Amino acid sequence: MKLNIAVVGAMGAVGQTMLSILAHSALPINRLKLLDIGENVGRKVPWRETELTVEAPRKGQFADIDIALFSAGREASQALAPLASGEGAVVIDNSSYWRLHKAVPLVVPEVNPLALRGHQGIIANPNCSTIQLVVALNSLHHHYTIERVVISTYQAVSGSGQKAVEELKAQSWAFLRGEKGVKAVYQHQIAFNAIAQIDDFLENGYTKEEMKLVEETQKIMDSSLAITATAVRIPVFTSHSESVNVTFSKAFEMEEVRETLANAQGVTLVEEGYPLPLEVAGTDKVFVGRLRRDFSVANGLNFWIVADNLRKGAALNTVQIAEKLVELDLLR
C-alpha cells in the first residue's frame, strides 16, 4: 500500500524535522503534500530527488491523504484536524489541543502502541518532555511499579520555536558586547540565565507545562501515578534534560535497574559519564545516565534523562506513530 502523506506546518522547526525524517523513513510514501500558512505558500522545498511546493491548508486538501502530520499549533489543530479527519485522513497532531481529549489516543510507540486501536481519526503526540520521560519510566514501572515521580526539566529554547533560537543567539552576542539584548519570546533574558517558568501560571501555582507533564504521563502510563514537576527554560539550543526521582513499591538492586534500562526500547543507557544536550542533539534515542540510589527514602532512585526535543520529542515520535499505524493495519 502506497501512502499519501500531508505535513501541516511544514515550514516550522518541527515540520522541517519531520520532512528530514520522512525522507529516510521506511513508510511507503507515494506522494507528500506540504501545507503551511499564507506567507510560506508557494515556497519550493527540496525533498528526496524532487522539489515540492508549499500549499495552503483548506477544505478539500485532505480528500486524497491517508495520514496528515500536524505541527501548526493549537488553533490550527483545533480547526483543521476535524476537517482532515472528516475528509478521510488519519491525523497525528503535535499540538497540545487534543492530548487530554478522552476519545483521542495519546501515544508513544515504545510505551502504549495498542492505544492506537479504536482511534477515531485523530491521534495526539505528547509534549516533548513527556515523551522522553515515559520512554525512560516505562520499563521501570513494569518491573518495580512506580508510586511517585518528582521531575525537574531543563528545556532548550528550540521548544519555543525558531524565533526563540534567534533570540538566544542575539542576546548572547549582546551580552558579550556589554549591551542589553531584546526580549520578545521570553519575559526575561534567556542568555546566560534560567527561567523557572514555561507557559502561563495556573491557579494551583504550577505552569501549564508542568501540568502537561503530570496529566499526560498519567494518561499514557498509569492514572494512579503521583507526579510533581518543575519546568525550567535554559540557554541551550536543542535537547531537553530532566532530573528524575522515582519511588518504587518494592526494593530493587541497582544492577537490575541498569539491566532493565539497558534493554528498554528506545533507551540508551550511558554508563560512563552522563548524557549531554550538545551530544544528544540530532539523535533519536532517549539517553539515561547518572543512576543512583536515593538514600533519603525507601526504594528511591535518581537519574538524568536527555533527548532531542525536535526529533524524539516531536517529529520522530509523530512519524513513529504513523509507522505503527501501518504496522498494525489501523489506517481507515
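This is a predicted model: local features need pLDDT of at least 70, side-chain atom pairs count only at pLDDT 80 or more; totals for chains, interfaces and linings use all residues.
Visitor: How large a box do the C-alpha atoms of the protein chain fill?
Guide: Taken along the principal axes, the box is roughly 60 × 55 × 40 Å.

Visitor: What is the secondary structure of the protein chain?
Guide: You can follow eight helices and 13 strands along the protein chain.

Visitor: Why is W173 called exposed?
Guide: Exposed means over 50% relative accessible area. W173 has 59% relative accessibility, and therefore counts as exposed. To find W173, look in helix α4, which spans residues 162-176.

Visitor: How far is the C-alpha atom of W173 from that of S239?
Guide: These two C-alpha atoms are separated by 22 Å, and the residues lie 66 apart along the chain.

Visitor: What share of the residues in the protein chain is called buried?
Guide: A residue is buried when its relative accessible area is under 20%. In the protein chain, 55% of the 332 residues are buried.

Visitor: What part of the accessible surface belongs to carbon and sulfur atoms?
Guide: Of about 15,100 Å² of accessible surface on the protein chain, 50% belongs to these atoms.

Visitor: How far apart are the mean positions of the positive and negative charges?
Guide: The protein chain has 32 positive and 37 negative charges, and their mean positions are 4 Å apart.

Notes: Residues are numbered from 1 along each chain as its sequence is written. Side-chain values use heavy atoms; hydrogens and water are left out. Helices (H or I, at least four residues) and strands (E, at least two) are DSSP runs, numbered from the N terminus. Buried means under 20% relative accessible area, exposed over 50%, partly exposed in between (1.4 Å probe, protein chains only). Accessible areas come from the Shrake-Rupley method with a 1.4 Å probe; for residues, only the protein chains shown count as cover. Lys and Arg count as positive and Asp and Glu as negative; His and the chain ends are not counted. The place of a charge is taken as NZ of Lys, CZ of Arg, CG of Asp or CD of Glu.
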